[in-house]
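Where do aromatic rings meet in this structure, and which charges sit over a ring? The report below takes up both topics.

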4 protein chains.
Amino acid sequence: MSRLWGGRFASAQDPHFLSFQNSLGFDRRLWREDIAGSAAWARALEGAGVLSKGEREKLERALDELGRELARDAHAFDGAPDEDVHSFVERKLGERVGDLAKKLHTGRSRNDQVATDLKLWLKGALYRLDANCTELMAALVALAERSVDVALPGYTHLQRAQPISAAHHALAYVEMLARDRERLADACDRLDACPLGSGALAGTAWPIDRAKLADDLGFTRGPTRNSLDAVADRDHAIEAVFAATLVCTHLSRLAEDWIFFATQEAGFLELSEDVSTGSSLMPQKKNPDALELVRGKCGRVLGHLVGLVTTLKGLPLAYDKDLQEDKEALFDALDTAAACLAVTALAVRGARWRAERCAAAAASSYQNSTDLADLLVAAGVPFRSAHERAGAAVRRALELGCELEALPAAERARLVPELAALDLARELSTARVLARRAVVGGTAPSAVRAELKRWNKELALHAAQAPVTTPR
Amino acid sequence: MSRLWGGRFASAQDPHFLSFQNSLGFDRRLWREDIAGSAAWARALEGAGVLSKGEREKLERALDELGRELARDAHAFDGAPDEDVHSFVERKLGERVGDLAKKLHTGRSRNDQVATDLKLWLKGALYRLDANCTELMAALVALAERSVDVALPGYTHLQRAQPISAAHHALAYVEMLARDRERLADACDRLDACPLGSGALAGTAWPIDRAKLADDLGFTRGPTRNSLDAVADRDHAIEAVFAATLVCTHLSRLAEDWIFFATQEAGFLELSEDVSTGSSLMPQKKNPDALELVRGKCGRVLGHLVGLVTTLKGLPLAYDKDLQEDKEALFDALDTAAACLAVTALAVRGARWRAERCAAAAASSYQNSTDLADLLVAAGVPFRSAHERAGAAVRRALELGCELEALPAAERARLVPELAALDLARELSTARVLARRAVVGGTAPSAVRAELKRWNKELALHAAQAPVTTPR
Amino acid sequence: MSRLWGGRFASAQDPHFLSFQNSLGFDRRLWREDIAGSAAWARALEGAGVLSKGEREKLERALDELGRELARDAHAFDGAPDEDVHSFVERKLGERVGDLAKKLHTGRSRNDQVATDLKLWLKGALYRLDANCTELMAALVALAERSVDVALPGYTHLQRAQPISAAHHALAYVEMLARDRERLADACDRLDACPLGSGALAGTAWPIDRAKLADDLGFTRGPTRNSLDAVADRDHAIEAVFAATLVCTHLSRLAEDWIFFATQEAGFLELSEDVSTGSSLMPQKKNPDALELVRGKCGRVLGHLVGLVTTLKGLPLAYDKDLQEDKEALFDALDTAAACLAVTALAVRGARWRAERCAAAAASSYQNSTDLADLLVAAGVPFRSAHERAGAAVRRALELGCELEALPAAERARLVPELAALDLARELSTARVLARRAVVGGTAPSAVRAELKRWNKELALHAAQAPVTTPR
Amino acid sequence: MSRLWGGRFASAQDPHFLSFQNSLGFDRRLWREDIAGSAAWARALEGAGVLSKGEREKLERALDELGRELARDAHAFDGAPDEDVHSFVERKLGERVGDLAKKLHTGRSRNDQVATDLKLWLKGALYRLDANCTELMAALVALAERSVDVALPGYTHLQRAQPISAAHHALAYVEMLARDRERLADACDRLDACPLGSGALAGTAWPIDRAKLADDLGFTRGPTRNSLDAVADRDHAIEAVFAATLVCTHLSRLAEDWIFFATQEAGFLELSEDVSTGSSLMPQKKNPDALELVRGKCGRVLGHLVGLVTTLKGLPLAYDKDLQEDKEALFDALDTAAACLAVTALAVRGARWRAERCAAAAASSYQNSTDLADLLVAAGVPFRSAHERAGAAVRRALELGCELEALPAAERARLVPELAALDLARELSTARVLARRAVVGGTAPSAVRAELKRWNKELALHAAQAPVTTPR
């Protein structure tokens with residue numbers, strides 16, 4: 001058993017308890033950050049006069065070697081006796097540099113150490129999640145590019161409402177993902193202050209230059225400003241999981257829409273076989289499993305959010321062991337969101353609109369009745385009255401089993417005499433109905449193309465700016 | 001790649017998608033139940049004339065062998081190419097009996113199969129969780145046995161209120177756990193109907209005797225009565241996680257109480273070192289980690305509950321792939337609750353009251369002021385007035401810095417003249433204050449002993465009735 | 001300002017704080033229970049010798065009068081200065097009986113009082129919620145009665161799977177509601193022990209016969225057995241909200257199914273106008289608002305569950321003011337569930353299947369391909385091979401754009417030569433496909449009728465046993 | 001009954017359904033925003049040529065009058081027959097300007113209207129919540145100003161760890177609130193795009209200048225860019241409730257800390273009577289109700305967050321009635337957070353440290369043992385060894401029942417011979433222990449004073465910049 005404490009303890013711990021409280025099984029994931037943080041701490045200790053230059057160099061070299069070993073060996077942690085990744089790294093270091101390793105923890109506590117490790121990890125994870133968002137946005141924009149002229153029924157209350165461009169539908173999700181990216185960036189920026197040097201709770205007693213240390217580790221906001229808060233704060237974990245929850249909420253809506261579009265009833269969308277599965281019993285089935293799993297996993301990520309907040313609620317300052325619960329929830333939430341984004345992108349890239357079925361559906365069910373009312377308004381009828389009369393026209397058309405533009409001349413003359421001069425078939429055609437909605441953000445092809453141009457530009461800009469991806 | 005479908009598919013699945021939707025990593029845990037369910041299905045198919053006696057015997061033998069192999073070999077699933085445990089078992093069976101294995105899935109779907117597997121597993125898990133509850137109840141009762149005469153301050157609003165027996169405090173948690181056990185039993189009983197034979201969604205088309213099949217698998221409520229519901233229902237998973245959530249909520253309260261009792265400020269309770277840890281920085285620390293983790297894990301289990309309900313919300317009938325999300329949440333919730341119960345029992349068994357500190361605290365802070373009011377009532381003062389006058393006495397005692405029973409005679413004569421004849425030191429002593437609360441459920445030693453007797457009887461009864469524990 | 005404490009306080013409370021902590025705005029709903037509990041307490045105090053017979057009678061009469069006044073006057077609480085319903089009742093009582101009212105609180109605390117009030121209220125509320133469940137079950141059974149012969153596509157993954165009877169679909173929800181009713185009954189039974197007499201936390205110091213008191217108030221499980229637990233326990237509130245959450249989860253699934261059935265794409269179901277709304281802009285719209293709200297409110301009730309558990313998590317014993325948060329969540333959760341059940345029943349009663357569209361859809365999309373495989377099995381092909389060959393037949397039929405039973409003879413001879421002698425059109429007809437699933441719980445009309453008979457019997461039994469409804 | 005649709009409806013709605021779906025009871029709160037949005041829409045319609053200048057002026061005047069009436073009359077909505085605030089305003093407008101009111105809804109839908117109203121309201125609410133945060137920060141900073149030299153035990157795991165300045169503790173919460181303010185600001189900024197002009201889902205068909213309209217209504221990000229997203233998006237509501245959840249999580253931790261500090265056991269903090277209450281039974285009680293309610297309400301707000309996400313999960317585009325559930329949750333979450341902040345500020349302003357008890361506690365329980373280890377490090381012992389030896393010294397001191405600095409000379413010589421020359425009483429005094437932690441963010445008085453200076457500057461800046469508060 002390897003542990004970093006115990007001088008005051010007379011007896012050993014119960015093995016069940018030790019296994020219950022062991023975190024190496026999951027916090028091993030932080031080994032890169034623990035090594036990077038330890039190296040920076042060694043440099044800071046040199047600055048504070050605790051380590052000599054030679055000692056610091058030796059420690060850094062050993063940490064570097066350990067890092068390379070761990071990167072190579074997938075089984076390095078198997079059977080390790082340590083209670084957490086910090087103990088593991090310190091023990092491994094001791095195997096390399098002997099007693100010198102015992103100096104590294106001077107003025108540091110696992111409380112500020114793990115807070116620092118986790119923030120470093122989180123910055124990388126948020127960066128990767130952002131890349132996943134961008135990938136899906138690109139897939140949606142590409143789909144939209146080839147769908148501007150696909151007319152689709154637009155829905156409210158899942159009842160056909162007004163025709164829309166299929167590209168417009170895809171771009172709605174691009175908007176959501178753009179907000180998600182903002183939230184990820186905000187979360188990343190807000191957490192960017194360095195806890196290291198906060199000690200267990202009260203600040204380190206050694207003359208560490210925390211500003212320099214923060215800079216050394218790449219924290220753009222400098223050191224944290226209150227040691228109690230620094231070791232007790234998990235806002236960043238919660239905020240990251242929240243951002244992931246909204247990502248997944250958006251994906252669950254996309255999944256819901258597309259599962260509906262892919263039903264035999266709608267028949268608007270063909271999903272590629274490579275994201276579909278069959279049935280062990282029913283030979284004909286082709287199921288949208290990818291999208292269903294994406295929809296389902298929204299609950300999982302929300303669950304992690306609830307778990308984290310509930311765990312934090314009512315915790316006294318500063319560090320409590322309850323906080324160890326932060327990691328599994330955080331890791332799984334971000335992994336899940338990333339996987340959902342990637343799989344959705346896969347589905348989007350393989351999807352194909354069945355344009356004729358879409359068009360037929362877009363042209364039916366009186367989705368042009370608002371335009372009939374608008375035509376009445378243009379002819380001088382106040383909207384509320386025009387709405388009522390268009391409603392009556394729909395009722396009559398329902399009785400006759402025809403669309404509005406096919407109402408018999410007599411009915412038309414009776415119901416909307418003001419529009420006698422108009423070519424209703426043309427005025428109420430899907431093309432005209434779509435084209436009328438040319439305001440910013442509207443579904444007219446012209447407006448959609450303007451948005452496409454904007455998104456293409458933004459994504460190109462993003463691609464140009466993107467730093468080299470981290471190796472993980 | 002091993003899959004149970006695909007006749008209609010022209011192309012292969014994307015590997016990322018396949019890994020995303022693979023469940024073998026977690027549903028392998030159901031292998032015992034999948035084998036038991038398959039054997040029962042083979043017998044049912046024989047009854048329906050689909051399999052001959054010889055075929056059925058051959059299948060059963062092979063399933064039995066497979067079960068023994070899997071019980072032996074911890075690595076049996078490593079690198080398996082199957083998408084789930086059902087495919088795994090069917091493939092392994094095929095390796096043993098060749099084409100005969102292809103007959104076993106007749107009239108069965110993975111939808112009713114997994115519903116059955118999960119219910120079978122859940123029954124065992126609930127049984128084991130119940131045993132964990134009982135273990136903790138026994139530990140608390142044992143602690144109570146040796147604490148009847150330990151007087152402790154009782155709190156409301158975390159302010160000292162009235163003295164209580166430490167045993168009474170322990171038994172409060174026994175009450176909660178007893179309700180938990182009822183909930184576990186109810187959940188176990190409610191789920192006890194067999195889904196097998198429901199097919200994918202519409203019922204099997206073969207003349208299976210479902211009543212007999214249900215009986216064969218030990219389901220006491222017979223077969224489920226609606227095939228759509230049978231494959232779509234996850235109430236039992238949610239209800240089990242809910243029961244586990246309440247277990248953990250109770251444990252979180254116990255943890256909170258005991259963490260407070262173990263502070264230097266209270267100093268009422270000594271936790272054993274075997275469930276405590278130290279600090280990597282601060283040599284003097286002895287931390288109640290076990291209890292903190294227990295308190296923290298309440299959030300985790302609640303999170304799983306939220307995840308499950310959110311996943312189920314708004315799902316169309318019958319089976320949807322979203323339901324695959326049920327298992328990890330369920331497994332982890334029940335595992336976590338079980339571990340928390342076991343670790344808490346460990347903490348309870350090792351704990352020791354510091355009786356003198358407890359008694360001193362119980363006797364201070366005017367916790368006998370209600371009794372002063374009650375004495376006034378006995379002397380004819382209406383309670384509301386007695387309450388007000390006892391409050392005034394407290395205010396005066398606070399000013400003088402003494403306890404009520406130590407008020408100077410003059411003050412006493414002024415404030416509570418009715419009680420002139422009483423030996424207030426005796427009447428307001430902790431012993432008297434405790435003894436007065438002798439109603440059923442009160443904290444008087446007599447009442448507490450009566451409850452202890454009841455619990456000991458009940459636990460003995462339980463121990464006598466408990467069936468031989470399942471081997472897992 | 002009216003408050004039941006304050007003797008020890010030198011200064012007054014801040015008005016913002018007083019308004020923050022005031023609960024009369026919502027706990028006034030407990031006035032009936034507070035009066036009933038107070039009357040029972042008066043009787044118990046008489047038994048304990050604290051009140052004379054005359055005093056008790058006077059108090060009971062005054063409480064009775066107050067009850068009648070409050071039942072009459074909807075505005076009785078307007079502008080009341082009291083901090084909670086208990087203070088209100090005590091003040092009103094004082095207006096009637098003067099100083100005698102001051103005796104009623106002897107040996108009682110608001111902690112055991114509110115616990116008792118809430119349990120009494122909850123029993124009534126659970127009873128009423130159960131009645132709402134039964135009402136919806138009856139509406140669904142009535143719908144099923146007229147839908148046995150309506151064939152509907154059955155879905156898995158929202159892809160057509162196998163035809164089902166529309167009655168079978170309705171009865172799936174009856175099963176869920178039956179489980180809900182069990183859960184409500186369990187919750188009601190489990191809470192049925194009386195906290196009154198537990199005092200603030202330690203038990204009352206007066207010789208109250210708690211068993212008699214519990215009986216007097218109609219608690220079937222007698223008095224609670226631990227005073228700390230009795231005032232700190234809110235399991236019953238949480239369990240009731242959980243039961244309501246599952247009710248709403250089931251309703252959200254029904255809503256989702258029906259919203260889909262009512263789309264123009266499916267067109268299977270006509271919702272009545274009396275539970276639909278229109279659009280302020282689009283004259284043609286008829287929206288399933290009732291069902292959408294029902295679906296949405298599932299989240300609200302789950303939210304209350306999370307709120308309650310999170311509030312309870314980590315609370316020290318015994319009573320803490322945090323517990324005041326129990327009421328609003330509980331009230332709204334049960335009100336919401338009740339309203340959702342009632343509105344869903346309204347929707348069910350007004351709904352009409354469009355049987356021809358249903359039948360056409362049920363007969364298409366290869367939903368009989370499992371039966372083709374089963375026919376091959378009957379002809380001696382192992383199921384797994386039969387499944388593959390039926391899948392190939394589906395693929396061929398898709399290419400040809402025909403259903404399986406319409407495959408050209410040559411194709412049929414090539415793909416399924418074993419079935420040469422069969423009348424495939426008949427064997428694969430919806431009627432035959434349905435009829436084959438005649439096992440218990442299957443969708444065959446015979447099986448569905450058997451279930452209908454069972455449900456009708458059970459509902460009749462319930463109606464016969466139902467006690468006279470409480471007036472609220 | 002007043003409704004804005006119905007032309008196509010032949011029959012009336014069921015009254016229970018109408019009451020179920022009515023939202024006027026809560027969305028009336030949006031009347032100011034609905035009027036402001038309507039006036040802006042009138043101006044936009046004039047720009048689009050739909051209204052004449054005279055018509056627009058008449059409408060604006062009438063809206064203005066209506067606004068003044070509603071501001072005056074608290075009962076203006078009582079008994080109103082309208083289904084929502086939009087219908088109410090349109091009806092009231094009609095009473096003033098007759099048929100002209102019927103023109104106002106041209107090209108607008110309640111979908112974009114309510115989205116706009118809600119965003120306008122939310123901006124104001126977030127602004128007010130930010131002010132509440134600042135108020136509490138100021139109260140905490142003021143408390144810190146008078147507490148720099150109050151030494152308090154610092155805790156990890158609720159065990160005494162190292163002494164801290166009481167001011168440092170208060171400032172930890174200031175840090176949290178500062179992050180909260182950032183989150184509120186981010187949420188406010190992100191939502192600041194105008195949905196109006198998006199119509200029901202597809203964009204308005206009239207040539208509205210949406211950029212000008214957005215500007216007119218004060219939206220700094222211009223118009224929303226996708227009409228489907230604009231009416232379906234509730235990210236802002238969820239994000240605001242999330243920010244409120246973190247606010248309340250922080251407050252729950254402060255409450256937990258202070259409730260502990262105010263126990264008789266700790267006795268560090270005296271809460272003012274004006275935020276405390278007493279007991280109806282126990283005359284001596286003074287309970288920290290304000291803080292308990294604050295702690296409890298964290299669950300309530302988290303519950304609303306869960307409710308909102310669950311409601312949104314899996315909703316199809318664009319508008320669904322489920323979205324009506326957004327308002328009550330949002331309103332209550334923000335109201336609750338605001339009230340909790342205000343009441344906590346009240347508690348902070350009235351609180352008083354009991355400095356002597358604090359100091360005594362800070363100087364005990366070996367909280368200086370890390371400093372002993374550090375002194376050994378300074379004397380050349382590697383930290384890990386120093387830690388172990390300090391632990392042994394603690395163990396010995398525990399046996400002897402003394403503090404470290406009071407260890408007998410012989411023990412000291414044996415345990416820490418390297419420190420023979422040091423004045424341990426001085427080196428291990430609370431003052432020295434505090435002073436050593438002078439790094440940025442440390443608890444040394446010098447470091448704390450530096451932070452106080454920073455916060456005072458920031459709050460002053462904020463006060464100077466704060467715009468005139470909105471009247472509500």
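## Ground rules

Buried means under 20% relative accessible area, exposed over 50%, and partly exposed in between, with a 1.4 Å probe and protein chains only. This is a predicted model, where local features need pLDDT of at least 70, side-chain atom pairs count only at pLDDT 80 or more, and totals for chains, interfaces and linings use all residues. Residues are numbered from 1 along each chain as its sequence is written, chains are lettered from A and ligands numbered from 1 in the order written, and side-chain values use heavy atoms, leaving out hydrogens and water.

## Aromatic pairs

Rings of Phe, Tyr and Trp (its six-membered ring) pair if their centres lie within 6.5 Å; planes under 30 degrees apart are stacked, over 60 edge-to-face, and the rest tilted. The count over all chains is 32 aromatic pairs. One of them joins A:Trp258 and A:Trp353 edge-to-face, at 6.4 Å centre to centre and 65° between the planes. A:Trp258 lies in helix H10 (residues 235-261) and A:Trp353 in strand S4 (residues 352-353), so the pair ties together parts 95 residues apart in sequence. Here helices (H or I, at least four residues) and strands (E, at least two) are DSSP runs, numbered from the N terminus. A:Trp258 is buried at 2% relative accessible area. A:Trp353 is buried too, at 10%.

In chain B, B:Phe260 and B:Phe261 form a tilted pair, 6.1 Å centre to centre with 45° between the planes. B:Phe260 is buried at 5% relative accessibility, and B:Phe261 at 2%.

## A ring cluster

Ring pairs also build a cluster, whose members include A:Trp258, A:Trp353, C:Trp258 and C:Trp353.

## Charges over rings

A charge sits over a ring if NZ of Lys or CZ of Arg is within 6 Å of the ring centre and within 35 degrees of the ring normal. The charged end of B:Arg29 sits over the ring of B:Phe331, 4.9 Å from its centre. D:Arg454 lies over the face of D:Trp455, 4.6 Å from the ring centre.
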